[in-house]
Amino acid sequence: MLPEITIRLPEWVDGFLRDHRGVLLPDDASRMRLVIALARENVRRGTGGPFAAAVFDARGRLVAPGVNLVTTLNCSVCHAEVVALSLAQKSLGRYDLGDGGQEHFDLVTAAEPCAMCLGAIPWSGVARVVCGARDEDVRAAGFDEGAKPQDWAAALGMRDIAVELDVLRQDAAAVIRDYVNAGGIVYGPSGSGQQRAAGETERGSIRGSSARGGVMKEFFGKLKVRLFLVGIVIAVLTVLWSYFVPDTVMTRITDAQMAKVDGRFMIATEDRPFVNEDAGYRFKFDSGTIQNEAIRLKGKVVKVRKYGWRLPVLSMYENVVKIEEVK
Ligand SMILES: [Zn+2]
């Protein structure tokens with residue numbers, strides 16, 4: 001079966017809008033207040049980012065609300081504006097909301113449209129776009145709005161789509177700021193590998209200070225792993241070094257016999273006992289010769305070259321590789 005997608009608002013939206021059914025919101029401020037409330041509730045419910053939008057008809061009747069569904073639907077185009085426009089079109093049964101300029105609909109959005117939503121607006125058939133937070137408010141919080149022309153509002157104007165800016169801007173910006181300050185995750189489209197957890201928003205990749213923060217975080221995350229691995233390698237090398245690399249002690253041989261104890265020669269010194277056994281892996285096959293030397297130098301001061309650990313509890317003694325008389 002081929003995949004399909006259903007755009008459905010979170011369950012809470014229906015109950016949240018119950019009191020608004022049939023209510024006319026005559027001005028931009030009252031419509032924006034509702035949209036900002038939706039954005040705040042979307043964050044509170046953990047169903048998406050601090051962005052919401054809604055389509056209203058000319059009298060102020062709510063046709064369709066929209067909240068970010070990017071993470072819940074795993075669909076990067078489901079920004080609040082696109083969701084509101086799509087649901088309004090579904091609800092009216094036509095892809096051109098304005099129906100060839102005969103009808104008037106407003107898109108009210110808690111923040112200026114991003115590059116993608118800006119592109120979707122002329123095709124939707126809305127006659128007016130009402131914005132709360134400014135582009136710079138959104139970017140200041142760490143979100144990316146994409147490559148937007150500076151004069152985007154004028155460009156919409158050229159298509160007879162009016163734009164209203166700064167409607168309850170501070171309130172709308174506060175929702176975004178609160179979201180980010182509360183640890184809401186800011187992720188984006190640039191394939192930067194940010195994780196996609198509930199509560200993320202759909203807008204833009206991290207740029208500016210937030211991007212640097214992310215990169216630094218990733219850098220230090222990787223650095224931590226690298227330091228940990230380097231630490232392990234150093235520890236292993238230290239252990240190998242302490243076992244395999246021989247060192248020398250000067251002492252006097254107190255006893256040595258040409259008889260093996262538990263299959264190996266022992267050499268007693270004033271310092272401590274040593275074993276003297278062959279070790280094929282380090283090409284030591286002359287334990288007999290060394291033992292003979294130890295017996296010959298009994299009572300004399302010698303330099304004993306040996307390797308290994310001294311753990312008498314485990315019958316582990318350092319293994320002698322060379323005995324040299326000190327003259
Ligand atoms: Zn958008």
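Helices are DSSP runs of H or I at least four residues long, numbered from the N terminus. The views below show a predicted model.

**Figure 1. Tryptophan 241 in helix α9.** Tryptophan 241 has its place in helix α9, which covers residues 208-244. Its C-beta atom has 9 C-beta neighbours inside 10 Å, and tryptophan 241 therefore counts as exposed, the cut-off for that class being 12 or fewer. Glycine 101 lies 140 residues away from tryptophan 241 along the chain, and the C-alpha atoms of these two residues are separated by 84 Å.

**Figure 2. The two assigned domains of the protein chain.** The domain assignment places residues 11-206 in domain 1 and residues 246-325 in domain 2. Between the C-alpha centres of domain 1 and domain 2 the distance is 83 Å.

**Figure 3. The crossing of helices α4 and α5.** Helix α4 comprises residues 80-92 and helix α5 residues 115-124; their axes come within 9 Å and cross at roughly 15°. Angles under 35 degrees count as roughly parallel, and α4 and α5 are therefore roughly parallel to each other. The crossing of α4 and α5 is left-handed. On the α4 side, the contact involves Glu81, Val82 and Leu85, which meet Cys117, Ala120 and Ser124 of α5. By class, the residues of this contact comprise 4 nonpolar, 1 polar and 1 charged.

**Figure 4. Aspartate 160 in the loop between α7 and β5.** The loop that holds aspartate 160 runs between α7 (152-158) and β5 (162-164). Most residues other than glycine have a negative phi. Aspartate 160, a residue other than glycine, has a positive phi near 65°. With 11 C-beta neighbours inside 10 Å, aspartate 160 counts as exposed, because that class takes in residues with 12 or fewer.

**Figure 5. Aspartate 166 in the loop between β5 and α8.** Aspartate 166 belongs to the loop that connects β5 with α8 (169-181). Although aspartate 166 is not a glycine, its phi is positive, at about 65°. Within 10 Å there are 15 other C-beta atoms, so aspartate 166 is partly exposed; this class lies between the exposed limit of 12 or fewer and the buried limit of 20 or more.

**Figure 6. The loops on either side of strand β5.** Strand β5 spans residues 162-164, and aspartate 160 is found in the loop between α7 and this strand. Aspartate 166 is found in the loop between β5 and α8. Phi is positive in aspartate 160, near 65°, and in aspartate 166, about 65°. Aspartate 160 counts as exposed, whereas aspartate 166 is partly exposed.

Technical notes: Residues are numbered from 1 along each chain as its sequence is written. This is a predicted model: local features need pLDDT of at least 70, side-chain atom pairs count only at pLDDT 80 or more; totals for chains, interfaces and linings use all residues. Domain bounds come from an automatic or database domain assignment. Axes are lines fitted to C-alpha atoms, for helices over the stretch in contact, and angles run from 0 to 180 degrees between N-to-C directions. Helices (H or I, at least four residues) and strands (E, at least two) are DSSP runs, numbered from the N terminus. Angles under 35 degrees count as roughly parallel, over 145 as roughly antiparallel, 65 to 115 as roughly perpendicular and the rest as oblique. A crossing is left-handed if the near helix is turned anticlockwise from the far one by less than a right angle, and right-handed if clockwise. Two residues are in contact if their C-beta atoms, placed from the backbone, lie within 7 Å. Ala, Val, Leu, Ile, Met, Phe, Trp, Tyr, Cys and Pro count as nonpolar, Asp, Glu, Lys and Arg as charged, and the others, Gly among them, as polar.
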